[in-house]
Amino acid sequence: MTALAKQLPAKRRLLLASDRTDRSHELARILANVAEVETIPTANLPDAPAKDLSGVVVDINLRSAETVQQVRSKLMGAAYRPMPRLFVLADLLHHGAMQAWALGATDTIARPFDPDDILQRIRAAFPADDDGAEAESKGKALDEGVAAAHAVMVKIFEKLPAGNPLTLGDVIKAETHILRAIKRTSLREWLAAVGRHHNASYRHCLFATGFAVAFAQYLGIREDDQRRLTRAALLYDVGKAFVPAAILDNPERLSLGQHGIYCQHPRLGYDALAAQGGFPREMLDVVLHHHEMLDGSGYPDALSGDQISDLVRVTTLVDTFTTLVAKQPKETVHTHAAAFAALEAMGDALDQRLVQAFRPVALGG
């Protein structure tokens, strides 16, 4: 038993669902240090978890559509929805991590296994009996944060185009819940929760909000600035509410004319909020200029350098990163490491000081 295992509470009960039982023995032995482990074939995953189960560990081939669908049919049901689940990745390449998040992963681990690291993650992902009250409190904070963010998305994408006003108060009402949710839980848990959303535009904005808030909290900036960045992340893509869904759903398969319509969304969002009134100038600046690049290659105004505010720079960074890691199923999904490398490769288009400061958030999320 490792030194860390001696510090961890026992009495967790974990279900290890595996389609590769010949390779899961090592993992089962590690888990046995801190939990009672029952190993079953993926096909035998019950329709509902036992009441005394702390969580599920899933060791499957995430490239197998058949196996993924088999797991999805169980884990995405109402009975498993509150259940923490940890996924084993065969490697850190391709779409494995995003596939795991889409299946509601609380956390992921990858081979080769580091026993101490796994046990530390188990403690975070699967509370023991004496951690139950704290876990319930964190779960409530996460649920409230996601619900508050979702309510803003509904106002942006459904109410606003129909002529119902979006107010700054709507956004301010949500920000406290969102900040608390990510602070009390983690970026991973936020991404897992919002990653299951069926609407791609909502999902993109909610991912970006998570990255922005986690970045602000990691930097330790004052609370007022955390709130400013949260508002910016919630609002910046408001213009997409005025772009046809057929264009939003296929951003990489657009004709030249359709691409031109898509590129109007910053101006459309700015015009809508400016006409409505009540939004600070810096928020309107983010909405209008979040696709501007420091080297002048962005749109709609081809700004460059010092013409682009710090708030816009951060929003552009998290939007770009989110675009890479939260693409739709038929598109090429980047791992967090590959997406971060892409940010670095963009050179002077992005503020590379911010990019490097974002590294722990990007790679840790």
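## Close-up views of a predicted model

**View 1. Ser-304 touches Met-293, Leu-294, Asp-295 and Gly-296, leaving aside residues up to four places away in sequence.** Contact here means heavy atoms within 4.5 Å. This is a predicted model, in which local features need pLDDT of at least 70 and side-chain atom pairs count only at pLDDT 80 or more, while totals for chains, interfaces and linings use all residues. Residues are numbered from 1 along each chain as its sequence is written, and side-chain values use heavy atoms, with hydrogens and water left out. Ser-304 sits in the loop between α14 and α15 (310-325). Helices (H or I, at least four residues) and strands (E, at least two) are DSSP runs, numbered from the N terminus. Ser-304 is partly exposed, at 30% relative accessible area. The cut-offs are under 20% for buried and over 50% for exposed, with partly exposed in between (1.4 Å probe, protein chains only). Ala-349 is 45 residues from Ser-304 along the chain, and their C-alpha atoms are separated by 8.8 Å.

**View 2. Val-312 is a buried residue of helix α15.** Its relative accessible area is 1%. Val-312 touches Asp-285, Val-286, His-289 and His-290, not counting residues up to four places away in sequence. Which residue lies 80 residues from Val-312 in sequence and 8.3 Å from it in space, C-alpha to C-alpha? That residue is Ala-232.

**View 3. Arg-222, Asp-224, Asp-225, Arg-228 and Glu-282 form a network of salt bridges.** A salt bridge is a side-chain nitrogen of Lys or Arg within 4 Å of a carboxyl oxygen of Asp or Glu. The count by this rule is 18. An α-helix has 3.6 residues a turn, so residues three or four places apart point the same way. Asp-225 is buried, at 18% relative accessibility. Arg-228 is partly exposed, at 28%. Arg-228 also forms a salt bridge with Glu-282, at 2.7 Å from N to O. Glu-282 lies in helix α14 (residues 281-289) and Arg-228 in α10, so this pair ties together parts that are 54 residues apart in sequence. Glu-282 is partly exposed, with a relative accessible area of 30%.

**View 4. A salt bridge joins the side chains of Arg-353 and Asp-351.** The N to O distance is 3.3 Å. Is Arg-353 buried or exposed? Arg-353 is exposed, at 66% relative accessible area. Asp-351 counts as buried, at 11%.

**View 5. Helix α7 bends by about 25° at Glu-175.** The bend at a residue is the angle between axes fitted to the seven residues ending there and the seven starting there. Helix α7 covers residues 168-184, 17 residues in total. The expected span is 1.5 Å times one less than the number of residues. Glu-175 is itself one of the buried residues of α7. Others among them include Leu-168, Val-171, Ile-178 and Ile-182.

**View 6. Asp-59 lies in strand β3 (residues 55-59).** An unreviewed UniProt entry annotates Asp-59 as "modified residue: 4-aspartylphosphate". UniProt positions are given in the numbering used here, feature names are shortened, and annotations may be inferred rather than shown by experiment. In the model, Asp-59 is buried, with 0% relative accessibility. Leaving aside residues up to four places away in sequence, the residues touched by Asp-59 include Ser-18, Asp-19, Arg-20, Val-88 and Arg-111.

**View 7. The whole protein chain has 17 helices and five strands.** Of its 365 residues, 51% count as buried. Among contacts between residues at least 6 apart in sequence, 69% join residues at least 24 apart. Mean pLDDT (the predictor's confidence in each residue, from 0 to 100) is 86 for the chain, and 89% of residues reach 70 or more. Confidence is highest in α14, at a mean of 97, and lowest in helix α1 (residues 3-7), at 41. Over residues 1-10, pLDDT stays under 50. The model has 21 contacts beyond four places in sequence for residues 1-10. Where pLDDT is low, the predicted coordinates should not be read in detail.
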